[in-house]
Amino acid sequence: MNYELVSGFETHIELSTKTKIFCGCTTQFGGEPNSHCCPVCIGLPGTLPVLNKEVVRFAVKAGLAVHGKIAEVAKMDRKNYCYPDLAKAYQISQLYAPLIIGGYIELSNGRKIRLHHIHIEEDAGKLIHQHGDTYVDYNRGGVPLIEIVSEPDIRSIDEAKEYVEKLQQVMRWVGISDCKMQEGSMRCDVNISVRPAGSEAFGTRTEIKNMNSITNIARAMAYEYERQVDLLESGGKVIQETLRFDDASGTTSPMRSKEDAHDYRYFRDPDLVTINVPRDEVERLRAEMPELPAEKRERYEAEYGIPEKDAALLTKYRRISEYFDKAIEGVKSPKTVSNFIIGQIFRRVETEADKEIFDVAVTPERLNELVRLLDSGKIRNNLAKSTLEKMLDTGKGALDFISESDMGGVDDSALLALCQAAVAGNPKAVEDFKSGKEKAIKALVGNVMKNSRGKADAVAAEAKIKELILS
Amino acid sequence: MVTREDVENIALLSKLFVPEEELDGLTKSMQEIIDFADAINNAPASAEGFDNINNLSNVFREDEVVPSYPVAEILKNAPEQAEDHFLVRNRE
């Protein structure tokens, strides 16, 4: 029997506010243990948490970025559980009235992964288990998080990977988080079940906790899919439980029995008052939102005729798209700019980390100047390419490498003279071409381009040389 | 009705050890507490009214860093500590 995979994600993202969610301690990563703490974030009795306004703004931006609805009224709740990573024995979170409702992430296959809601909450402290004892560092305790809860709409491992990548891209794009999975500022809990293909009813799900890389998400899902299918095929039953993924063995194993929601005894936090996000504030934030990557990609395709794959590369990181936007100002062919960026410039910024920063030796203004020279017919493509290489090496402008004498085309009589010289000076290439080696003509064209300092039209030169040889 | 199993379950969630001989007494006490809470619940007032008795909303703090406490102060009330961490011993 064929089984369909069904998956939903709960994704925690640390917001890059300066301070924690309920106190003024810094959110900086690292630091000496327990040095970013105060009575509020270590949960001492008698302290009063006060909500960081920026957390609400960031969460609203996250909501707008995924087309969610911003709730008129939001409230904070206590989620009770007893574990050393939570000093208060409860986490302040949202259950009954989260800040963002609905929304979606659209995948490249056109499917929309619907979001149930996004809520704000505090992160827990870090536990280090050593010699059977537990060492607790509360620096991370109280760092603001948003939790993005998707509907069980994901149907394959590829969709899951793209969902996480898109979420990461858009949250970085709107500037609310760096979403570094390896540093824990983005973590996923993966809910997964299987059902016979064509069936409507959901199977029993398991939850794989705290996944911190896209590669491991894919590995864990592949393992868990096989495990559940094998169980069902052999007449067994999937038990609803929480699992951990072991990186070394590539397998999942039970963590603890799944606690029911009511075991958390959620109730309204009496220390924190109601949040009413004013509609004019929402509209102001909406107006401030940058054009989102998906919208931008579509516009690049429709408006500039850039191929889909290239448009996706240009919009993968916000800085690349901003570079492109500046470089195309007033140019005739944005596609030429795109080709320069994806070709020659990308060869200089190889890693994803470098692409995200996109600190390129050639400023977008200088690339713009080069492309305008090309547009106006003053220089030809070959010269533009070699000039761009020099610009990338030195950071200088195009006019540092191109003199007046390089500009302008080559007229017909000059082209004829250049071609005649090429034919006369390269008898071997001429013979090769005559004996059927089509490629030999390239050497002759190359000679013309070289002697014209890249100004000749290569296509016209090739036609003229053929004419000379064959006449 | 509160049952012995409810008390055992709550004890488990609260990480409390309850001796067998105290279970009946605690079950009875808990029933009395719940009855008292029910009496409040049955009072003629809407839950909405209690939800936000001061009628306050949007009490916020600006996102400005305030110096944290010295580590020694933070750890002062820790039952046990080691290497600038709160130390939780494994009791098993």
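Trainee: How many cavities of 30 Å³ or more does the structure hold?

Mentor: The structure holds 2 cavities of 30 Å³ or more. A cavity is a set of points, on a 1 Å grid over the protein atoms alone, where a 1.4 Å probe fits but cannot get out, and lining residues have an atom within 4 Å of a point. Grid points are joined across faces, edges and corners, and a volume is the space filled by probe spheres set on the points. This is a predicted model, in which local features need pLDDT of at least 70 and side-chain atom pairs count only at pLDDT 80 or more, while totals for chains, interfaces and linings use all residues; side-chain values use heavy atoms, without hydrogens and water. Residues are numbered from 1 along each chain as its sequence is written, and chains are lettered from A and ligands numbered from 1 in the order in which they are written.

Trainee: What volume does the largest cavity have, and which residues line it?

Mentor: The volume of the largest cavity is about 60 Å³. Its lining includes A:C41, A:D85, A:K88, A:E122 and A:G141. By class, that lining has 4 nonpolar, 3 polar and 4 charged residues. Here Ala, Val, Leu, Ile, Met, Phe, Trp, Tyr, Cys and Pro count as nonpolar, Asp, Glu, Lys and Arg as charged, and the others, Gly among them, as polar.

Trainee: And which residues line the second largest cavity?

Mentor: Residues of chain A, among them A:L51, A:M76 and A:L272, line it together with B:N58, B:V59 and B:F60. The volume is about 50 Å³, and the lining has 7 nonpolar, 2 polar and no charged residues.

Trainee: Turning to pockets, what is the volume of the second largest pocket?

Mentor: It is about 1000 Å³. A pocket is an open set of grid points with protein on both sides within 12 Å along at least five of seven lines. The second largest pocket is lined by 33 residues, with A:E165, A:Q169, A:R172, A:K316 and A:Y317 nearest its centre. The lining comprises 9 nonpolar, 9 polar and 15 charged residues.

Trainee: Which helix gives the most to that lining?

Mentor: That is α2(A), with 7 residues. Helices are DSSP runs (H or I, at least four residues), numbered from the N terminus.

Trainee: How do α2(A) and α3(A) cross?

Mentor: The axes of α2 (residues 157-173) and α3 (residues 214-233) of chain A come within 10 Å and cross at roughly 155°. The two helices are therefore roughly antiparallel. Axes are lines fitted to C-alpha atoms, for helices over the stretch in contact, and angles run from 0 to 180 degrees between N-to-C directions. Angles under 35 degrees count as roughly parallel, over 145 as roughly antiparallel, 65 to 115 as roughly perpendicular and the rest as oblique.

Trainee: Which residues meet there?

Mentor: Among them, A:I157, A:A160 and A:V164 in α2(A) meet residues of α3(A) including A:I214, A:I217 and A:M221; contact means heavy atoms within 4.5 Å.

Trainee: What about α8(A) and α10(A), at what angle do they pack?

Mentor: Helix α8 (residues 334-345) of chain A and α10(A) pack at an angle of about 125°, with axes 10 Å apart. They are therefore oblique to each other. In α8(A), A:T336, A:V337, A:F340, A:I341 and A:I345 meet A:L367, A:V371 and A:L374 in α10(A). This contact has 7 nonpolar, 1 polar and no charged residues.
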